[in-house]
Number of protein chains: 2
Amino acid sequence: MPQGQPIAVPDDGLTTRARRNTPVLAVHTGPGKGKSTAAFGMALRAWNAGMSVAVFQFVKSAKWKVGEESAFAALGRLNTEQGIGGAVEWHKMGSGWSWTRKTGSDDDHAAAAAEGWAEIAARLADQRHDFYVLDEFTYPLKWGWVDVDHVVETLLARPGGQHVVITGRDAPQRLIDAADLVTEMECVKHPMDAGRKGQRGIEW
Amino acid sequence: MPQGQPIAVPDDGLTTRARRNTPVLAVHTGPGKGKSTAAFGMALRAWNAGMSVAVFQFVKSAKWKVGEESAFAALGRLNTEQGIGGAVEWHKMGSGWSWTRKTGSDDDHAAAAAEGWAEIAARLADQRHDFYVLDEFTYPLKWGWVDVDHVVETLLARPGGQHVVITGRDAPQRLIDAADLVTEMECVKHPMDAGRKGQRGIEW
């Protein structure tokens, strides 16, 4: 990791401070492990800096992230009860987004994903949070449930200093082009290759 | 990510439960971002599962991880004060390891790294923690400050169900061979390439 000294200083007329506070759009993609885990590690750091953190999970099998959800709930309570760190919200698509009262649309994943993105776009316009994790958001993009061009335009036009991290395999090229930070996780070796199942505290 | 079903079930005579509880040795390597961040994300999940977490930072410029250290301190207090999650210890090489009273050896990084590894080996033998993060530990291995063979033998022979995650570029091949889970982080695009400096809550 570069330690403090940028490789080149761009001729963009910005002061170091202005450039430093530029909001980051990060994408964690590739077939390897750690895409979501690194995003939650970044969210932990953002929480510690007092940022308002919001996580949006776009894949139904939410049981795989219960560890993170529970840990961030504890961090959120530290904020509300003791004023430590930032606020935390955790939303998941599983059984209808938490902000909607609608039920019965559980099986229409495409509609639910579109609804989730519409809510995020509205929150970005309102500068509702400081740090957004759009977990496994590449899949609804890949499957055409959410329009990539609208996502890229909305992200590039977002006001203020809002940071966004998007995770998932096969990130679309237009999203990669728009991102400031892209990391590809390559799987070199995985215990499930040796027939192990996931275990609590390690896999979820 | 594989979701629950292993690719093949090994003919190792173990029950699923026994295999499931096999301790994991993970290595996060490669030139990209997210190696440490993903390790801390795993530690967060382990903490949530009630595991005793210990972090050992092997690089002097500890200012880059203050966000994680502070967040894990808050999680550790949640454990001691409210019984939530697991215990947390955070040790860094910066100005002498916290368990030693020795001073003046700050400039002998090789000796400090060897001392850090000796302490970790002793703790592994004692089954002192459930989840160890050896952050940037590949560098003392690469520089010959700590013997790779001793590390690999000690890790492979560690008793009980202790999980270990090692981060850093250029992980030695013997360590990769010994690991259960190896992820290579590839840097596709980095904001410092565009002349940005790191910023609080994002980079540290």
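In what order do the elements of chain A run from the N terminus on? They run α-β-α-β-α-β-α-β-α-α-β-α-β, with seven helices and six strands in total. Helices (H or I, at least four residues) and strands (E, at least two) are DSSP runs, numbered from the N terminus. The structure is a predicted model, in which local features need pLDDT of at least 70 and side-chain atom pairs count only at pLDDT 80 or more, while totals for chains, interfaces and linings use all residues. Residues are numbered from 1 along each chain as its sequence is written, chains are lettered from A and ligands numbered from 1 in the order in which they are written, and side-chain values use heavy atoms, with hydrogens and water left out.

An overall view of chain A comes next. Of its 204 residues, 55% count as buried, where buried means under 20% relative accessible area, exposed over 50%, and partly exposed in between (1.4 Å probe, protein chains only). Chain A exposes about 8,400 Å², and carbon and sulfur atoms supply 49% of that area; the areas come from the Shrake-Rupley method with a 1.4 Å probe, and for residues only the protein chains shown count as cover. Among contacts (heavy atoms within 4.5 Å) between residues at least 6 apart in sequence, 77% join residues at least 24 apart.

In soluble globular proteins, nonpolar side chains tend to be buried together. Here the largest nonpolar core has 44 residues, and Phe72(A), Phe131(A), Phe72(B) and Phe131(B) have the most contacts inside it. Such a core is a set of buried Ala, Val, Leu, Ile, Met, Phe, Trp, Tyr and Cys residues joined through side-chain atoms within 4.5 Å. Leaving aside neighbours within four places in sequence, Phe72(A) is in contact with Phe40(A), Ala43(A), Leu44(A), Val88(A), Trp90(A) and, from the other chain, Leu44(B).

Helix α2(A) is mostly covered, with 14 of its 14 residues buried. Its end C-alpha atoms are 20 Å apart, which agrees with the 20 Å that its 14 residues should span at 1.5 Å a residue; the expected span is 1.5 Å times one less than the number of residues. After α2(A) comes Gly50(A), whose phi is positive, near 85°.

Strand β4(A) is covered too, as five of its five residues are buried. In a regular strand the side chains alternate between the two faces of the sheet. In β4(A), Phe131(A), Val133(A) and Asp135(A) lie on one side and Tyr132(A) and Leu134(A) on the other, and all are buried. Strands pair if DSSP finds at least two bridges between them. β4(A) pairs in the parallel sense with β2(A) over five bridges and with β5(A) over four. Leu134(A) is the bridge partner of Phe56(A), and His163(A) that of Phe131(A).

Aromatic rings complete the picture. Rings of Phe, Tyr and Trp (its six-membered ring) pair if their centres lie within 6.5 Å; planes under 30 degrees apart count as stacked, over 60 as edge-to-face and the rest as tilted. The count comes to 24 aromatic pairs over all chains. Phe58(A) and Trp97(A) form an edge-to-face pair, 5.2 Å centre to centre with 65° between the planes. Phe58(A) lies in the loop between β2 and α3 and Trp97(A) in the loop between β3 and α4, so the pair ties together parts that are 39 residues apart in sequence. Both residues are buried.
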